[in-house]
Amino acid sequence: ETKKPASQLWLCAPDGSNKRQLTQTGTRNRGGRWSPDGTSIAFVSDRVGKGKAGLFVLDVARPGEARAVTKHNQELGALAWSPDGKTIAYTTTFDPENPDEEERDKDAAPPVRVTRRFDYKWDGRGYVGEKRSQIWTVGVASGERTMLTHEPVDHNAPEWSPDGKTISCTVANANAFGNHLCLIDVASGEKKLIGPEGGSVGSWSYSPDGTRIVYAADEEQTHQPDLYLYDVASGTAQRLTDDLPVMPAGGMPGEGLARPVWLDDHEVLLNATRAGASGLYTFNVATAALEPMVTLQASLAGLSVDAGKRLAAAGYASFEATGELFVYDLREQRSDVITDYNGELLKEHPPARWERFEVQRGKYPIEAWLLKPPDFDPAKQYPLILSIHGGPNGAYGYGFTAQLELLATNGFLVAFANPRGSTTYGREFTMQVFQDWGGEDYQDLMAVVDKVLEEPYADASRTGIVGYSYGGYMTSWIIGQTQRFQACVCGAPVFDLEAMVGTSDISHRTSDQQWGGTPATTPEAIAWYETHSPSSYAHRATTPTLIVHGEADQRCPIGQSEQMFATLKQAGCEVEFARYPGGSHGFPRLGPPEHRVDYLQRSLDWFKAHLGEPK
């Protein structure tokens, strides 16, 4: 209705009753964090002005407005209360060329940009130069604030030690593609880094007595973290697992944290995913035993446990629901989805029906799902669309994906799978895609299509493909390898691997791992890039293709789509190119609502025009 993203803080009982809205002022109130004594909530609000952010504290027990603690002329977040409730740590961007956060003269020419570092740009943030996320602390009562970190690398996700003397956080390394876990002495600012250069530390948590830290880390960027135990006194780390069979939520940078929770001195509660299914797991740091407490055909986001360590809460989505809250009673081992915000809508517009299936390729079972229209009739024949996830080390699972639901509820069969290279299946499976883009991963996906087309209700003469990012790579690869598909929607593709290395915000780091080095490394590397680039084969494409791309995409720069569009046009292939001004790589999820709606509608219209209706 407003065509603008909005959020407010709400409060309810653990059974979902007594829901009430806590914030009224401002359009974006978010990031709520309970004070240690449970009487107040700290949160971030835009009520201080457009493009600005303030930190506020609301006394839950008393009526009235929240009290302002501090504000900045840019976004702030990642709030963390000190154990005594007197101080809050948070992050905000610091620009050494504008330390006082003064607003620029609107009539002045844009400043010249000069860099000597690789990580001068980042998707979703654009050109960052020397601006980096830093940790601040502010007195809750006084409002006096202190900038705790200063080194020109990103510091994120602050968390206090139980004694309040240390703040732990992540610190970017390896040109921002990995990170260390960092322990900062609050009094002196002295730092201690944990983890190797080039590795990645995900989620972590202090033991109740503060002597140990359990953390998830991937020391060699294999996209499968393991669990480690750090002894604070000795400064030594012990590796607890080798090829952890689950993927801890937030176990990789950029995924959002779901911190482990210590239930006692040895047992830790994890939100983790196995084979696309979320669950709560217990892990014993003494024995390294991992046990499922509850597994769900759903996706859980975040993890919060009450002070008594009886109730665990998380965000919840499945093929039938989205945007809800999940509570698990650890004592009674009972699960409840305590909200139903989208229930009425989904009754009026039912979500897709679904089924899970597998195809065996060599020694690997390839897990896949099929969405069907809610009024599915096996006597009819339906057009089939294959959807391909990003990554390549991403994964599909039991979650609510808007585009897939939209297609399936408008008369299409939608297949999606986790080919080799996908996460949540262990390290060996995840690493199979390294230096084999367009190889066995492609064959896995074609086997999934062939499996669905064995069904009499799937129309082999009307098939389409859709993918974004690495999924865009694969769609652009497929239409150059085969003419079996009648429609393609290609989002933010990797089209020319050699061009990606010098223009993407991360490819200067990922090229060694994923593609075996940079093109100039060896003649063999040059040949590999040419052989595995969709640009080498796109001139053969005949599949009608819609290309969609955000113009501010730094991850897969829009030049990739520009090359693809020009190649297809020159080849005489039917092609349309939709560009979204200001759109980052994540614009289909995070961009302006009008752009997100256009992307969904345009994709649906393309498939309807080229594949038709059920027959």
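## Terms and model

A residue is called buried when its relative accessible area is under 20%, and exposed when that value is over 50%. The model described here is predicted.

## A residue on the surface

Gln333 has a relative accessibility of 57%, so it counts as exposed. This residue is located in the loop between strand E28 (324-329) and E29. Although Gln333 is not a glycine, its phi is positive, at about 55 degrees.

The pairing of E26 with strand E27 (residues 311-317) is antiparallel and extends over 5 bridges. Within E27, Gly315 is the residue opposite Ala301.

## The nonpolar cores

The largest nonpolar core contains 88 residues, of which Leu386, Trp437, Val448, Met474 and Phe607 touch the most other members. Helix H4 (residues 440-452) supplies the largest share of this core, 7 residues. A second, separate core has 18 residues, among them Ala249, Leu280, Val294 and Tyr328.

Which residues are in contact with Val448, once its neighbours within four places in sequence are left aside? They are Phe357, Val359, Ile366, Ala368, Leu386, Ala415 and Ala417.

## An enclosed helix

Helix H7 (residues 507-515) has 9 residues, and 7 of them are buried, so the helix is largely enclosed by the rest of the structure. The buried residues are Ser507, His508, Thr510, Ser511, Gln513, Gln514 and Trp515. Their cover includes helix H6 (497-503) and helix H8 (523-532). Just after H7, Gly516 adopts a positive phi of about 85 degrees.

## Two further backbone features

Ala492 is found in the loop between strand E35 (487-491) and H6. Its phi is near 40 degrees, a positive value in a residue other than glycine. With a relative accessibility of 0%, Ala492 counts as buried because the cut-off for that class is under 20%.

A cis peptide bond joins Gly391 to Pro392, with omega near 10 degrees. Pro392 belongs to the loop between strand E32 (382-388) and helix H2 (402-408).

Note on methods
Residues are numbered from 1 along each chain as its sequence is written. This is a predicted model: local features need pLDDT of at least 70, side-chain atom pairs count only at pLDDT 80 or more; totals for chains, interfaces and linings use all residues. Side-chain values use heavy atoms; hydrogens and water are left out. A nonpolar core is a set of buried Ala, Val, Leu, Ile, Met, Phe, Trp, Tyr and Cys residues joined through side-chain atoms within 4.5 Å. Buried means under 20% relative accessible area, exposed over 50%, partly exposed in between (1.4 Å probe, protein chains only). Helices (H or I, at least four residues) and strands (E, at least two) are DSSP runs, numbered from the N terminus. Contact means heavy atoms within 4.5 Å. Two strands pair if DSSP finds at least two bridges between them.
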